[in-house]
Amino acid sequence: MEHTPPIQKGHDARLVVAIILVTMAMGMLDAISLLHLKMFAGYMTASIILIAVNIATSQAIVLSGLEAIGCFYVGAVLGGRLVRRRRHQRLIIGDMLLGVASLIALAAWIWSAAPPGAPYITLGLLAFAMGVQTSATRHASLPDMTLPAATIVLHGLAHNSSAAGGDNRGSWRRAAAIGALFFGAVMGTLISAHSVAQGIALTAFIIMMAGVVLLVGRLPLVVRLDRISIP
């Protein structure tokens, strides 16, 4: 009689680890872009608010905000096409994250090389990469973690808590995402104070590692994740 392995209840541990790594990288990148480019590369809600505030106060960084939104949109269109390929979910997200890491590494090199218009080129590349990356994280379909942002994660943590009559399912996963976002923002702030290019490059490395977690098959640590189901 053929043995059927038990169906695990929960989420793919590799996907959870990868999305938490991406969330930390997003915290780094948005902190760096806000401090040094005066606009968010990935957090479009804040970018729209910043544009509105700048218009209302007659400040002159509206164009960079429009650039960020436009490049993010184009990246999201490309990301939408990429996630519709007929491949395994891990492979789709993994190779998209490697592509995103390559774009961010290119942005780090451009900032370091400092050609004319480097801040605008860097912001455009980062926003485009974040549009692709957001498509990848949405495709992972993890509850409250489809976007690397704290609002919906924090709400899910409270909404599903025992204090709200919930069962606390997924609480550690949500708490880890919030902690990763906070820690990433702190790292991005401290590292970019010494070198913006190094901060951006480290972000690329972290996203690359998230892609590797999804794509490699035989590393012992990664193989162990395949035996784990995360609520």
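**Figure 1. Salt bridges in the predicted model.** The structure, which is a predicted model, holds three salt bridges. One of them joins the side chains of Asp12 and Arg90, with a distance of 2.8 Å from N to O. Asp12 belongs to strand S1 (residues 11-12) and Arg90 to helix H4, so this pair ties together parts of the chain that are 78 residues apart in sequence. The two partners fall into separate accessibility classes: Asp12 counts as partly exposed because its relative accessibility is 23%, whereas Arg90, with a relative accessible area of 17%, is buried.

Figure 2. Asp95 forms a salt bridge with Arg85, in which the closest N and O atoms are 2.9 Å apart. Because Arg85 lies in the loop between H3 and H4 while Asp95 lies in helix H4, this pair ties together parts that are 10 residues apart in sequence. A salt bridge also links Asp95 to Arg87, and here the closest N and O atoms are 2.3 Å apart. Through these shared partners, Arg85, Arg87 and Asp95 are joined into one network.

**Figure 3. Helix H3 and its buried residues.** Helix H3 covers residues 62-82, and its 21 residues reach 30 Å from the first C-alpha to the last, which is close to the 30 Å expected at 1.5 Å a residue. The buried residues of this helix are Val62, Ser64, Gly65, Glu67, Ala68, Phe72, Gly75, Gly79 and Gly80. An α-helix has 3.6 residues a turn, so residues three or four places apart point the same way. The buried residues of H3 pack against H2, H4 and H5.

**Figure 4. A nonpolar patch at the surface.** Tyr73, Val74 and Val77 together make a nonpolar surface patch of about 320 Å². Tyr73 is part of helix H3 and counts as exposed because its relative accessibility, 60%, is over the 50% cut-off.

**Figure 5. The largest nonpolar core.** The largest nonpolar core of the model contains 56 residues, and those with the most contacts inside this core are Leu97, Ile104, Leu126, Met130 and Ile207. At least two residues of the core come from each of helix H1 (13-37), helix H2 (44-56), H3, helix H4 (89-113), helix H5 (118-140), helix H7 (171-194) and helix H8 (196-215). Among these helices, H1 gives the most to the core, with 14 residues. When its neighbours within four places in sequence are left aside, Ile207 is in contact with Ala25, Leu97, Val100, Ala101, Ile104 and Met130.

**Figure 6. The chain as a whole, for orientation of the close-up views.** The chain contains nine helices and two strands, and from the N terminus on its elements run β-α-α-α-α-α-α-α-α-α-β. Of its 231 residues, 44% are buried. Among the contacts with a separation of 6 or more, 73% are accounted for by residues 24 or more positions apart. The accessible surface of the chain comes to about 12,000 Å², and 68% of this surface belongs to carbon and sulfur atoms.

How values were computed. Residues are numbered from 1 along each chain as its sequence is written. This is a predicted model: local features need pLDDT of at least 70, side-chain atom pairs count only at pLDDT 80 or more; totals for chains, interfaces and linings use all residues. Side-chain values use heavy atoms; hydrogens and water are left out. Patches are made of residues with over 30% relative accessible area and no salt bridge: like charges are joined within 9 Å, nonpolar side chains (Val, Leu, Ile, Met, Phe, Trp, Tyr) within 5 Å. Accessible areas come from the Shrake-Rupley method with a 1.4 Å probe; for residues, only the protein chains shown count as cover. A salt bridge is a side-chain nitrogen of Lys or Arg within 4 Å of a carboxyl oxygen of Asp or Glu. Helices (H or I, at least four residues) and strands (E, at least two) are DSSP runs, numbered from the N terminus. Buried means under 20% relative accessible area, exposed over 50%, partly exposed in between (1.4 Å probe, protein chains only). A nonpolar core is a set of buried Ala, Val, Leu, Ile, Met, Phe, Trp, Tyr and Cys residues joined through side-chain atoms within 4.5 Å. Contact means heavy atoms within 4.5 Å. The expected span of a helix is 1.5 Å times one less than its number of residues.
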